[in-house]
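Biologist: I am new to this structure. Please show it to me, and then I will ask about its parts in turn.

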Amino acid sequence: RLRVTNFIFVILVFVLAAAMVICDVFISKGDRRMEDANERYIMAEHAANELQAASDHLTAMARTFAVTGDLHYLNEYFEEVNVTRRRDEALNDLEELIGSSENEAYTSLSEAMDYSNELMNIEYRSMRLTQLSQGCSDSDVPDVISSIELSPEENGLEAWQLKNRAEEILFGNEYLSYKDMISEKVNTCTRQLIDSASKEAASTRAMMNRLLAVQIILLVLLLLAVLAEVLFIVFNVRIPLLQLVDQMKRQEKTEPRGAAELQFVTSTYNDILDENNRANQQLSYEASHDALTGIKNRSAYELFMETADKEHIALMIIDVDEFKIINDTYGHDVGDKILRKVAGILSDSFRSVDGIFRLGGDEFVVVMTQANSSMKQLVVNKILHANTILQNPDDGLPKSSLSVGVAFADRESPQGDIFKDADIALYKVKTRSEE
């Protein structure tokens, strides 16, 4: 009977141990599945952002060509369209990562691509007008540009009028509407990717939690089997193991709570870690962002300038004209709303790669990356656009305006660093406005 009983216990222990190993294997697979899902999400989000970046690059090249008439920017535009093809690559990468072209995220990004292609037709027309305004021959531009026919009205325009019309097209409401639709579709794609990744992660976590629960049960059964075998031997082998029997009887009073306690400690630790991460993220955000306007603050500006390519930037120092009078006349609440409005206009007017900061009071700084003095008119247009909005309020706020001092990295005869020269330029602007 003892041999049979021992054989049964050995088989039982082996089966329980094998089951625990199988659980470990499936938990490891679940962990790898979560890592793979996270990696796919990161790559898919990068693909969506890459399409947005490529579209913004095309816009920048088209606008710069319209402002400067330099064929170099036209060539860069078509190199992106025909050679680099980041938009097409981004769409293909997303389809490959998702594994289906029927996915909602892929559909949203595909719609963004469609809007981007429609936007190109507007850009082509602007390029045609710019070509004619500069007197370039059809051989200097791609066929898709030279083949565009002008309307009778446009045929009667002079060169400077053609140039103005080309710029108006790229900064008009129709063009900006398409840009907004592209951004909206890219953001929708990103949100859908997040939802998909969250659902997959939740499903995997639920599976892993069930496996952990099963593993705990198997561990208890294994301990009970070992304990039962030991007790069986103790109760059946009396003389040489009497002392061991008493010791094992005392051990019976201790319940195997270790695994449950470890699970509780792990859960508590995860809760504390999540809370600490959220607190650190909040502290980091508050340290780098202005509490009133939500844009970045002076500390973020200093950090941004430490890593910026200072040979290819434009720095703008901006303040709100007669801001103290606005505060004294309408109250600080209205003044705060004006500051938030200015921050919103600046954020909408400049690229995502540009830095927009509030240094304090009514003083703002904008740092345009990859910029040079050939973009002066573009900067002027942005400033005029911002002042047009501020001078024609539709939100019940009083009229306001901005004074802006600009310095380019490639400026001639610098009098100091770029911030000082921009400050000097602002001072001159303020002095002229007071005169």
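Modeller: In this predicted model, Arg87, Asp88, Ala90, Leu91, Leu94, Glu95 and Ile98 of helix 3 meet a set of residues in helix 4. On the helix 4 side, the contact consists of Ala105, Tyr106, Leu109, Ser110, Met113, Ser116, Asn117 and Met120.

Biologist: How many residues of the contact of helix 3 with helix 4 are nonpolar, polar and charged?

Modeller: The contact includes Leu94 on helix 3 and Leu109 on helix 4. Its residues divide into 9 nonpolar, 3 polar and 3 charged.

Biologist: Are helix 3 and helix 4 roughly parallel or roughly antiparallel to each other?

Modeller: Helix 3 covers residues 86-98 and helix 4 covers residues 104-134. Their axes come within 10 Å and cross at roughly 170 degrees. Angles over 145 degrees count as roughly antiparallel, so the two helices are roughly antiparallel.

Biologist: Which element gives the largest share of the largest nonpolar core?

Modeller: This core has 44 residues, of which Tyr77, Leu94, Leu109, Tyr124 and Met127 touch the most other members. The elements that give two or more residues to it are helix 1 (2-68), helix 2 (71-84), helix 3, helix 4, helix 7 (159-171) and helix 8 (173-236). The largest share, 11 residues, comes from helix 4.

Biologist: Which residues is Met127 in contact with, leaving aside its neighbours within four places in sequence?

Modeller: Met127 is among the core residues that touch the most other members. With those neighbours left aside, the contacts of Met127 are Ala62, Phe65, Leu74, Tyr77, Phe78 and Ile145.

Biologist: How many residues are in the second, separate core?

Modeller: Ile295, Ile338, Ala343 and Phe350 are included in this second core. Ile338 also takes part in the contact of helix 12 with helix 13. The second core has 31 residues.

Biologist: Which residue in the turn between strand 2 and strand 3 has a positive phi?

Modeller: Strand 2 and strand 3 run antiparallel and are joined by 5 bridges, with Arg358 opposite Phe364. They form a hairpin with 2 residues between them. The turn residue with a positive phi, about 55 degrees, is Gly361.

Biologist: How many of the 6 residues of strand 2 are buried?

Modeller: Strand 2 covers residues 355-360 and is largely enclosed by the rest of the structure.

Biologist: Is Gln370 buried or exposed?

Modeller: Gln370 is in the loop between strand 3 and helix 14 (376-391). It has a positive phi of about 50 degrees although it is not a glycine. Most residues other than glycine have a negative phi. At 55% relative accessibility, Gln370 counts as exposed.

Biologist: What is the relative accessibility of Ser413?

Modeller: Ser413 lies in the loop between strand 4 (402-408) and helix 15 (418-434). Its phi is positive, near 50 degrees, and it is a residue other than glycine. Ser413 counts as exposed, with a relative accessibility of 65%.

Definitions and conventions
Residues are numbered from 1 along each chain as its sequence is written. This is a predicted model: local features need pLDDT of at least 70, side-chain atom pairs count only at pLDDT 80 or more; totals for chains, interfaces and linings use all residues. Side-chain values use heavy atoms; hydrogens and water are left out. Axes are lines fitted to C-alpha atoms, for helices over the stretch in contact, and angles run from 0 to 180 degrees between N-to-C directions. Helices (H or I, at least four residues) and strands (E, at least two) are DSSP runs, numbered from the N terminus. Angles under 35 degrees count as roughly parallel, over 145 as roughly antiparallel, 65 to 115 as roughly perpendicular and the rest as oblique. Contact means heavy atoms within 4.5 Å. Ala, Val, Leu, Ile, Met, Phe, Trp, Tyr, Cys and Pro count as nonpolar, Asp, Glu, Lys and Arg as charged, and the others, Gly among them, as polar. A nonpolar core is a set of buried Ala, Val, Leu, Ile, Met, Phe, Trp, Tyr and Cys residues joined through side-chain atoms within 4.5 Å. Buried means under 20% relative accessible area, exposed over 50%, partly exposed in between (1.4 Å probe, protein chains only). Two strands pair if DSSP finds at least two bridges between them.
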